[in-house]
Amino acid sequence: MSAEARPESTLPGTAAETSPDNPWPLQLLSRKLKAHIERAPAAWIECQVIEMNRRGGNAFLTLRDIDDEISLPASVWSTVLDRQRTPLERGSRVVALVKADFWVKTGRLNMSVKDIRPVGLGDLLARIERLRQALAAEGLFAESRKRKLPLLPHRIGLITGRDSDAKKDVLRNAALRWPAVEFDVREVAVQGNTAVSQIIGALRKLDADPHVDVIVMARGGGALEDLLPFSNEDLIRAVAAATTPVVSAIGHEADRPILDDVADLRASTPTDAAKQIVPDVSEELAAVRQARDHLRRSIGRMVDRETDRLHALRSRPVLAAPDTLVDVRADEVARLRQRSHTAVNSAVVRALDQVHHLRAQVRALSPQKTLDRGYAVVQIIGEDQAGHTVVTSPEQVPEDTPLSIRVANGRFRATSAGQAEIAER
């Protein structure tokens with residue numbers, strides 16, 4: 001039995017259960033695809049109409065993404081188009097309510113437009129402001145996130161349109177201000193559906209180059225629709241994530257894309273960007289000359305001030321006649337030496353007098369003085385014929401005891417006659 005003739009109850013219930021021996025018939029797959037697609041709800045999309053062809057009661061459109069090379073064919077009833085106050089044209093920016101339809105017989109997928117509305121300037125401005133407020137609430141525009149531009153960048157990355165006036169303005173004015181400036185120019189689309197992707201790609205390449213010190217995004221003025229890429233959320237987040245300082249120079253003074261808020265520096269025009277990213281060499285040379293003159297005057301004043309101080313120091317007596325201080329100290333040393341000599345002599349004289357006095361006292365108390373007054377020292381002569389024991393009592397010298405008698409002028413010997421009795425008077 002062929003697969004077409006088999007009852008549906010015997011067929012696989014899901015696509016995963018099919019096999020070469022048990023396949024689905026094509027019509028079953030088509031019906032299931034149609035049922036699956038019809039369950040998808042309608043969705044509002046934002047796009048651009050790049051082709052439009054009316055055929056009777058239908059119109060066939062080609063819709064393209066705003067920021068990418070993606071397009072989609074769609075059909076719409078002419079009555080839907082006729083409800084528009086302003087007829088749609090090729091290039092119109094619209095929002096459309098689309099619903100996918102699948103034709104079982106032909107296997108074609110068709111996007112049916114249920115409603116379509118042009119996007120006016122007011123809608124675009126309101127959408128930009130809502131995005132601006134949402135990104136500001138995240139802190140992407142905070143001053144603390146902004147990086148300071150280098151005083152003199154070595155190399156400048158420039159993202160601009162191909163052979164644009166903005167590119168010429170930046171290069172010419174920067175070279176006039178600082179002739180040695182170097183640029184790494186990346187020419188990209190600055191409007192249209194490919195602008196965002198090209199700008200982001202150029203930004204990331206320049207940001208990854210360690211020799212690039214600052215990145216400038218420059219574009220001339222234009223309509224609001226032309227400047228929309230510079231308010232794209234993906235681009236804004238890419239700029240916020242960059243590590244190299246970014247300068248926004250988009251349009252004129254009145255133009256305010258969101259890029260101006262997230263950039264580290266906002267320049268009103270490309271010419272103004274050139275003036276802000278590099279210094280003016282003539283002004284810098286003038287400042288150097290001014291600083292040199294100021295330094296010369298300051299050094300001159302300091303030298304004059306120190307010279308006056310030296311003259312004042314040299315005029316002081318201690319420096320005018322430096323030997324005066326030495327002479328004064330020499331006289332003082334001489335006086336102190338004389339006083340010391342006199343004090344030492346006086347002390348020596350007093351000490352000599354004291355020595356003489358003590359000597360006289362010692363001599364007056366010596367045994368010799370006693371002998372000089374007529375006294376004698378009597379000693380008993382021992383076996384060695386020398387006097388040892390001093391006689392202090394008559395009992396010590398019985399009769400015939402040999403004696404040694406010392407008087408003032410010498411010694412002589414005697415023999416004891418024994419104890420004598422002396423009559424008292």
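Please keep in mind that the model is predicted.

Let me begin with the open sheet. Five strands make up this sheet, and their order is β7-β6-β8-β9-β10. The pairing within the sheet is parallel. At the edges are β7, residues 182–188, and β10, residues 265–266, each of which pairs on one side only. Within the sheet, β8 (residues 214–219) pairs with β9 (residues 246–250) through five bridges in the parallel sense. One example of such a contact is R219, whose bridge partner in β9 is I250.

Strand β2, residues 58–64, and strand β3, residues 71–77, are antiparallel and share seven bridges. A hairpin of six residues leads from β2 to β3. Here L63 has L72 in β3 as its bridge partner. Strand β3 is also joined to β5, residues 108–118, by three bridges, and these two strands run parallel.

Finally, the largest pocket. Its space comes to about 750 Å³. Which elements give two or more residues to its lining? They are β1 (43–55), α3 (121–137), α5 (195–208) and α6 (233–241). Helix α3 provides the largest share, with five residues. In total, 31 residues line the pocket, and those nearest its centre are E46, I66, D67, R93 and L228.

Notes. Residues numbered from 1 in each chain as written. Predicted model: local features only at pLDDT ≥ 70, side-chain atom pairs only at ≥ 80, totals over all residues. Heavy atoms only, no water. Pairing = 2+ DSSP bridges. Helix = DSSP H or I, 4+ residues; strand = E, 2+ residues; numbered from the N terminus. 1 Å grid on protein atoms, 1.4 Å probe; cavity = no way out; pocket = protein on both sides within 12 Å on 5 of 7 lines; lining within 4 Å. Points joined across faces, edges and corners; volume = space filled by probe spheres on them.
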